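Subject: Structure handover

Hello,

Here is the structure I promised to pass on to you. Have a look at it first, and then read on for what turned up in it.

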Amino acid sequence: MSESPDSAPPPKAPTTALRQRLAELRGPTAQPHPLDARALAALAANPGCRRRALLDGAGVDKSALAAALGSPAGLGQSQFAFMRGNAFEARVKADGGKELMRLLGLDDPGRVRVPDLAAPGPEGRAARTALALREAVEAGGFTLLDHPLLVLEVAGSPAYLEPDAVVVHPDGRWTVVEIKSFPMIDASADAAKVGAAARQAAVYVLALERVAERTAGASVAHSVLLVCPKDFSNLPTASVVDVRKQLAVTRRQLARLARVEDIAAELPEGLTFDVETCSPAELTAAVEQVPHAYAPECLAACELAFHCRERARLAGAVEALGRGVRGELGGLTTIGAVLAAARGEAGDPGDPAVAALRRAGALRAEALHAAAVPAAREAGEREGAACR
C-alpha cells in the first residue's frame, strides 16, 4: 500500500527496549489490551494517576488484574446491550449511509462514497484511513468512513482509536459520528451519558486533527453528531453536540501525563502484573509499587477503582472523599490529620483550612450541646413523673 506525503504518519512505536519492558510488565503470554477512546477519555480525566497511565500504556488487562486482586470491576456492557447496540448501528449505516446522511440534514446528498479501509495490522489500517481521508478531500462530495482507525500518541505510546464513523463533507470538513444505544426521549438524553459520549468523541476529534494538519484543504468540525434511538423505538434520531470544552480539557490533560517509559524506569527489575503466574499477594505488592490518584469518579471509569478505593480508605487518604474536599483541605492529606485539626490537637492555627475546621468543630459541639440540654430536661421530667 502506498502512502501519500499528505497523509499523517502514525506516531513512532516505542523503542525495542521499552516494548520489551512493557511486555514483561504484562507477562510473557499476555496479549496487549488495546487502549480505546473510552479508556483514553477516563485517563485524560485523571492525568495524575501514574498507575493507570502505566497499566494502560503497557496494555495490561485491568479487568483480569482487578479480579485477581479480589476486587472485580463492575464495568462493561451485557451481551444483550452489546448485540442491541450493534443492530442499531447497522441500521443507521444501512444503504450506504443513507439514513446517516438524512440525520445530517441531507435528504439527497447524491452519491456517497464508502471506501474500503481494510489493511493488515493497526498500523496499516491507520495509514489506510489517513490516505482515504486525503482522497475524500480531493474527490469532493460526501464520503462515509465506516469504523476508520486513528492513532494518537499518549504518554509516549501510540493508541489506536476507532470511531463509529467519520463523514467527509464536500468542503473538506470532517465530522465525527458517535452512535449510542441509550434513548433520546423528547429530543433529550441522559446528561451523564451525553457527557461521557462527548468526552469520548473529543478524543476522536483530537486524533483527526493530527491527520488534518497534514492534509491540504481539510478541517475537523468541533461539533459531533450523536445518534441515538428515538424515544422508546429503534428509529434513529440525532443531536449535534459541541465538544470544544471537552477537546480543550482532553488536550491539556493528555499533555500532563507522565511518559510511560519514565514510570516504568522507576520500577524494580522483574516486576510484573502477570495474572497467570503471580499470586494475589504478589500482584498486590506489584500494583502498590505504582502510585495512584483515586477519586470517587474512578468508580465509573476504571476497572481498578474498587481496589484503589480500599487502599485509599486504609491509608485514611482524604482523596477518598472527593477532589473537591481534597482541594479545600490544603496540606491536610489524611482523615486523621483533619479530625485532629478540627479538635485543636494539631495543625497550624494560621492555616485557613485548619481555622475553618476548628470553627466547624466548635459549631458542631455547640449544636450537639444545644440539642442535648432539652433531651436531658425531658428525660428528667419523665423520670420525675414516674416517681410520682
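Before the helix packing, a word on terms: axes here are lines fitted to C-alpha atoms, for helices over the stretch in contact, and the angles between N-to-C directions run from 0 to 180 degrees. Please also keep in mind that this is a predicted model.

**Helix α2 and its surroundings**

With that in hand, take helix α2 (residues 37-45) and helix α8 (residues 244-256), which pack with their axes 8 Å apart and at an angle of about 75°. Angles of 65 to 115 degrees count as roughly perpendicular, so α2 is roughly perpendicular to α8. On the α2 side, the contact is made by Leu40, Ala44 and Ala45, and on the α8 side by Thr250, Gln253 and Leu254. Sorted by class, this contact of α2 with α8 has four nonpolar residues, two polar ones and no charged ones.

How much of α2 is covered? Mostly: seven of its nine residues are buried. The buried residues of α2 are Ala37, Ala39, Leu40, Ala41, Ala42, Leu43 and Ala44. Besides α8, the elements they pack against are α3 (50-58), β3 (150-154), β4 (157-161) and α7 (191-212).

Next, the strands. In a regular strand the side chains alternate between the two faces of the sheet. In strand β5 (residues 165-168), Ala165 and Val167 point one way, Val166 and Val168 point the other way, and all are buried.

β5 pairs with strand β2 (residues 142-146), where the two run antiparallel and four bridges join them. In that pairing, Asp146 has Ala165 of β5 as its bridge partner. β5 also pairs with strand β6 (residues 173-179), again in the antiparallel sense and over four bridges. There, Val177 of β6 stands opposite Ala165. β5 and β6 form a hairpin with four residues between them, and Gly172 in the turn has a positive phi of about 90°.

**Salt bridges**

A search of the whole structure finds 19 salt bridges, and here are some of them.

- Glu24 and Arg21: the closest N and O atoms of this salt bridge are 3.5 Å apart. Both residues sit in helix α1 (residues 16-26), and because they are three residues apart, about one helical turn separates them. Glu24 is partly exposed at 36% relative accessibility, whereas Arg21 is buried with a relative accessible area of 10%.
- Arg311 and Glu288: the closest N and O atoms are 4.0 Å apart in this salt bridge. Arg311 lies in helix α11 (residues 305-314) and Glu288 in the loop between α10 (280-287) and α11, so the pair ties together parts that are 23 residues apart in sequence. Arg311 is partly exposed at 30% relative accessibility, and Glu288 is partly exposed at 35%.
- Glu345 and Arg343: here the closest N and O atoms of the salt bridge are 3.0 Å apart. Glu345 is exposed, with a relative accessible area of 55%, and Arg343 is exposed as well, at 53%.

There is also a network: Arg52, Asp56, Lys62 and Glu303 are joined into one by salt bridges that share partners.

**Some single residues**

Is Ser71 buried or exposed? Ser71 has a relative accessible area of 8%; under 20% counts as buried, so Ser71 is buried. Ser71 is placed in the loop between α4 (62-68) and α5 (79-103). With neighbours within four places in sequence left aside, the contacts of Ser71 are Ala66, Glu303, Phe306, His307 and Glu310. Glu303 is a member of the salt-bridge network too.

Asp95 has a positive phi of about 55° although it is not a glycine. Asp95 is found in helix α5 and is exposed, with a relative accessible area of 69%. Asp186, also not a glycine, has a positive phi of about 50°. Asp186 lies in the loop between β6 and α7 and is exposed, with a relative accessible area of 68%.

Definitions and conventions
Residues are numbered from 1 along each chain as its sequence is written. This is a predicted model: local features need pLDDT of at least 70, side-chain atom pairs count only at pLDDT 80 or more; totals for chains, interfaces and linings use all residues. Side-chain values use heavy atoms; hydrogens and water are left out. A salt bridge is a side-chain nitrogen of Lys or Arg within 4 Å of a carboxyl oxygen of Asp or Glu. Buried means under 20% relative accessible area, exposed over 50%, partly exposed in between (1.4 Å probe, protein chains only). Angles under 35 degrees count as roughly parallel, over 145 as roughly antiparallel, 65 to 115 as roughly perpendicular and the rest as oblique. Contact means heavy atoms within 4.5 Å. Ala, Val, Leu, Ile, Met, Phe, Trp, Tyr, Cys and Pro count as nonpolar, Asp, Glu, Lys and Arg as charged, and the others, Gly among them, as polar. Two strands pair if DSSP finds at least two bridges between them.
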